[in-house]
Amino acid sequence: MSGEASSGGRRIASHPILGEPEAAREVTIYLDGAAIAAKEGEPIMSALVAAGVGVFRHTKRGSPRRMFCGIGRCTDCVMTVDGIPGVRTCVTPVREGMLVERQEGAGSWKGGEGHGRR
Amino acid sequence: MGVDSKPAVVVGAGPAGLCAAIELKRAGAPVVLMDENGKPGGQLFKQIHKFFGSREHSAGTRGFEIGRRLLADSLELGIDVRLDTEVVGIEPGLGVWAVERRSRSYTLEAGCVILATGASENGLAFPGWTLPGVMTAGCAQTLVNVHRVLPGRRVLIVGSGNVGVIVGYQLLQAGAEVAAIIEGAPALGGYGVHTAKVRRAGVPFYCGTTILRAEGEEGVERAVIAKVDRGFKPIAGTEETLEVDTICIAVGLTPALDLAYLAGCKPIFVPELGGNMPLHDGYMRSSVEGVYVVGDTAGVEEASTAMEEGRLAGIHAAYALGFLGEAAMRERTEATWGRLDSLRQGVFGQKRFAAKARILAEGKVRA
Amino acid sequence: MSSTNASLKTDGAPSIEELRAAGVLPSREQLAQRPCVCVECIEEIPCNPCETSCPQGALTVGDPITNLPVIDRDKCTACGACIPACPGLAITIKSLSGDLAKIRFPWEYLPLPEAGEEVDMVDRMGMTVCRGKVVAVSNPPRNNRTAVVAAEFPAERVDEVISIRRKHE
């Protein structure tokens with residue numbers, strides 16, 4: 001993630017209570033075109049946090065945002081996913097080849113027909 | 001028995017909703033359990049500490065293990081669990097309007113509805129609170145315990161209730177540093193045994209202290225805290241800067257009431273339990289015929305009390321639908337109340353006990 | 001700040017005085033006689049796994065379950081079953097032998113210390129008060145991931161010491 005502030009996020013390898021992480025298939029998602037390794041089943045949010053992504057979007061006034069509630073209530077973490085703006089990344093699981101983009105303000109719909117629904 | 005073929009619909013598959021559905025199914029009643037999330041369990045799976053209580057409350061068992069047990073029970077009973085299903089409306093006559101996978105909408109005629117929709121964490125507005133790195137304590141807890149990622153390296157926790165202190169401990173366990181836990185009130189809020197285990201790990205507590213602002217360009221780089229006077233006004237000259245990249249807000253929760261309001265449930269204001277919540281009686285019946293409210297929706301407490309409230313509603317709903325005789329209903333209700341009462345004792349429980357008693361006294365007027 | 005002027009509801013950890021007033025600190029004579037369970041649970045919370053975990057019936061909470069636990073030192077064999085059973089991680093077992101004190105305490109962090117390791121012993125405020133040595137670590141499945149660590153340290157610190165310092169990565 002060249003030229004970006006790292007959030008200091010990272011994956012937790014071993015854990016005193018949870019033990020070792022369950023083996024999960026690795027999938028690749030793309031943040032504004034850059035490949036990010038994600039684990040099948042996890043939400044977009046955690047893949048981005050693990051990759052040290054510090055900013056998920058900017059408001060229309062240019063103020064940065066990331067996540068706040070982490071359980072799908074507050075919409076702080078919304079991004080444009082496969083062309084659809086305003087997708088809650090904390091409750092949307094990653095998928096191989098998913099295109100994730102930072103949006104400004106409410107974002108805009110991209111592309112035409114054929115988006116996956118979410 | 002079983003004259004009404006309409007199912008009981010339970011909304012929310014957290015601890016309260018799961019227990020309600022399990023009681024209904026055990027009594028032989030048809031039940032549909034809906035949850036907007038892709039996985040059941042609500043917030044139980046982020047609870048990795050051993051629970052308090054006694055053996056009958058699964059004390060000493062970690063929260064996620066209780067979650068696994070409830071899921072296994074619901075699987076074994078063959079409960080109709082519908083995930084990725086958002087309930088967006090409750091129509092008069094108990095039509096439950098659901099949207100599945102954001103694409104299929106349908107209405108299910110319910111014999112009764114049990115709302116177990118939980119609560120949301122409160123925010124706290126201060127300059128910089130929208131910066132990346134400021135999040136609710138529950139958000140950090142979800143990240144470290146469910147998704148196994150650390151949101152940052154050095155954390156300030158605002159609020160010393162059990163949630164703030166437990167999340168502080170769990171951040172340490174996950175490998176983060178906790179710079180401090182601050183509390184606006186003159187005394188700490190959480191259980192002493194929780195604060196003690198965090199303190200012995202070297203985490204300082206500051207009472208009578210608030211956060212003035214979070215600073216940073218594209219994310220939190222520092223937090224400025226200060227002492228407050230008795231009127232909770234910051235005292236000039238007491239500012240202190242903490243180098244942190246994460247600020248967790250743990251200042252209480254508010255019942256999620258969207259569906260209760262849509263259903264027309266009469267509210268009552270009880271600040272000790274999180275603000276407004278639906279009025280209810282000892283069977284967890286709301287003011288609307290056939291609508292029950294349980295768990296944090298019915299007043300914010302703990303997972304252990306939420307489970308018992310879910311059972312109360314499940315038992316009564318099974319009776320109301322004709323699947324449980326009156327004697328059995330009364331006997332099970334009484335046993336459940338015994339367990340609930342024992343959780344609402346002591347210095348911490350008394351306030352909640354008194355608050356619940358107030359709700360029930362008002363709720364009885366209807367019943 | 002040291003443990004002596006701390007207090008549970010403002011600093012997060014109980015002071016020696018608070019613990020003494022609650023009657024949970026064994027005397028040096030008791031500690032020299034036999035290993036003593038110290039249950040640092042001085043608030044009425046609804047919880048009784050210490051009672052149900054004790055094979056000797058030496059720990060009593062009773063009804064209501066918010067009663068503070070009471071230890072019968074004559075019945076206690078210092079088996080340590082209560083240490084990982086306490087959800088509050090509030091139980092230790094201490095003893096004195098000559099100029100050495102020994103503590104068994106619960107531990108839920110990584111890395112797990114190893115027997116023979118030299119460590120910093122900390123007080124309830126998380127301050128290092130002396131050096132010590134880990135003598136045993138046990139974490140059988142029945143502990144459900146609450147390990148029990150035993151460590152030795154100088155006898156004069158027996159009242160203050162509660163745990164060991166965590167190692168940072």
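Residues are numbered from 1 along each chain as its sequence is written, and chains are lettered from A in the order in which they are written. In this predicted model, local features need pLDDT of at least 70 and side-chain atom pairs count only at pLDDT 80 or more, while totals for chains, interfaces and linings use all residues.

Student: How many residues of domain 2 of chain B are in contact with domain 1?

Tutor: Contact means that the C-beta atoms, placed from the backbone, lie within 7 Å. On the domain 1 side there are six such residues, and on the domain 2 side the number is eight.

Student: Which element gives the largest share of the side of chain A that touches chain B?

Tutor: Good one! Helices (H or I, at least four residues) and strands (E, at least two) are DSSP runs, numbered from the N terminus. Strand E1 (10-11), helix H1 (44-50) and strand E5 (64-65) of chain A each supply at least two residues of that side. The largest share, three residues, comes from H1(A).

Student: Which residue in E10(B) stands opposite A:Arg10?

Tutor: Strands pair if DSSP finds at least two bridges between them. E1(A) and strand E10 (residues 149-150) of chain B are joined by two bridges and run antiparallel. Opposite A:Arg10 stands B:Leu150.

Note on methods: Contact = placed C-beta atoms within 7 Å.
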